[in-house]
Amino acid sequence: MPFSQLILDRYSVRAFGPAPVSAEQKAAILEAGRVAPTACNYQPQKIRVFETPEDLAKLDACSPCRYGAPLAFLVCYDNAVCWHGQPGPADIGSGQVDASIVTTHMMLQAADLGLGSIWIGMFDTEKLRENFNIPENIVPVALLPVGTPAEGSEPFAMHFQRKELSEILV
Ligand SMILES: Cc1cc2nc3c(=O)[nH]c(=O)nc-3n(C[C@H](O)[C@H](O)[C@H](O)COP(=O)(O)O)c2cc1C
């Protein structure tokens, strides 16, 4: 499928079926995260995979938004590794941007494999740290549940509410 069509067809899946994500699919999505561009190529991304029933149950205690996906990636960055070179007091480090690009790569790779996914920002970071032993320098940015959309899964209305180019072009 052409990339221009892929980005039109992708939508946030909020109901997943039970079909597992295969090892090959998982590897392809992780590879898309591995090769993503990052500031100075410092590659601060750290990715955790949740797929065992135990981990998924522990994850559900941290976020209400897994939507039944059989697998979820947690994309983080290492604040001790990301670029901190922006001049001036505005420097917050490149980690959030780096991890967001990584997550976008992974989300679009999932779509290219015919899988559904959803970017989740609603999670309890402290609970994640506690449940999965995540140290302070590792900062969770996005949760990405992935799987096969459940039968009848449809985009939410929000998906269709895109601003016109004239509203965003400044
Ligand atoms: C940074 C970010 C955080 C998001 N967090 C959530 C979330 O916590 N829960 C949820 O259901 N959707 C979440 N979404 C999905 C958005 O609501 C969705 O992408 C948007 O409404 C556009 O719809 P579409 O992805 O179907 O095109 C998030 C998306 C982004 C980019």
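A residue is called buried here if 20 or more other C-beta atoms lie within 10 Å of its own, exposed if 12 or fewer do, and partly exposed in between, with the C-beta atoms placed from the backbone. Tyr 67 has 20 C-beta neighbours inside 10 Å and therefore counts as buried. The structure is a predicted model, in which local features need pLDDT of at least 70 and side-chain atom pairs count only at pLDDT 80 or more, while totals for chains, interfaces and linings use all residues. Residues are numbered from 1 along each chain as its sequence is written. Helices (H or I, at least four residues) and strands (E, at least two) are DSSP runs, numbered from the N terminus.

**The sheet**

- Four strands form an open sheet in the order E1-E2-E4-E3, with antiparallel pairing, where two strands pair if DSSP finds at least two bridges between them.
- E1 and E3 stand at the edges and have a single partner strand each, so one side of each is left without a neighbour in the sheet.
- E1 and E2 run antiparallel and are joined by six bridges, and within this pairing Val 49 has Phe 73 in E2 as its bridge partner.
- E2 and E4, which also run antiparallel, are joined by eight bridges, and Leu 71 stands opposite Val 146 in E4.
- E3 pairs with E4 in the antiparallel sense over two bridges, and the bridge partner of Gly 116 in E4 is Gly 147.
- Strand E4 is largely enclosed by the rest of the structure, because 10 of its 10 residues are buried.

**The nonpolar core**

- The largest nonpolar core has 35 residues, of which Ala 72, Val 75, Cys 76, Met 106, Leu 144 and Val 146 touch the most other members; such a core is a set of buried Ala, Val, Leu, Ile, Met, Phe, Trp, Tyr and Cys residues joined through C-beta atoms within 7 Å.
- At least two residues of this core come from each of helix H2 (23-34), strand E2 (71-78), helix H4 (95-112) and strand E4 (138-147).
- Leaving aside residues up to four places away in sequence, Cys 76 touches Lys 46, Ala 99, Ile 138, Val 139, Pro 140 and Val 141, where contact requires that the C-beta atoms of two residues, placed from the backbone, lie within 7 Å.

**Helix H4**

- H4 has 18 residues and reaches 26 Å from its first C-alpha to its last, close to the 26 Å expected at 1.5 Å a residue, the expected span being 1.5 Å times one less than the number of residues.
- Its buried residues are Gly 95, Asp 98, Ala 99, Val 102, Thr 103, His 105, Met 106, Met 107, Gln 109 and Ala 110, and what covers them includes H2, strand E1 (45-50), E2, strand E3 (116-117) and E4.
- After H4 comes Gly 114, which has a positive phi, near 85°.

**The ligand shell**

- Around the ligand are Tyr 11, Ser 12, Arg 14, Cys 65, Ile 118, Trp 119, Ile 120, Gly 121, Met 122, Pro 155, Met 158 and His 159, a residue being near a molecule or strand if its C-beta atom, placed from the backbone, lies within 6 Å of it.
- This shell has eight nonpolar, three polar and one charged residues, where Ala, Val, Leu, Ile, Met, Phe, Trp, Tyr, Cys and Pro count as nonpolar, Asp, Glu, Lys and Arg as charged, and the others, Gly among them, as polar.

**Loop residues**

- Arg 10, in the loop between helix H1 (3-9) and H2, counts as partly exposed because it has 17 C-beta neighbours inside 10 Å.
- Arg 10 touches Leu 108 and Ala 111, not counting residues up to four places away in sequence, and its C-alpha atom is separated by 8.9 Å from that of Pro 155, 145 residues apart along the chain.
- Tyr 67 lies in the loop between helix H3 (53-60) and E2, and its phi is near 55°, a positive value in a residue other than glycine.
- Asn 133, in the loop between helix H5 (125-132) and E4, likewise has a positive phi, near 55°, in a residue other than glycine, but Asn 133 counts as exposed because it has 8 C-beta neighbours inside 10 Å.
- Ile 134 is also placed in the loop between H5 and E4, and with 18 C-beta neighbours inside 10 Å it counts as partly exposed.
- Ile 134 touches Leu 128, Arg 129 and Pro 140, not counting residues up to four places away in sequence, whereas the C-alpha atoms of Ile 134 and Ala 69, 65 residues apart along the chain, are separated by 22 Å.
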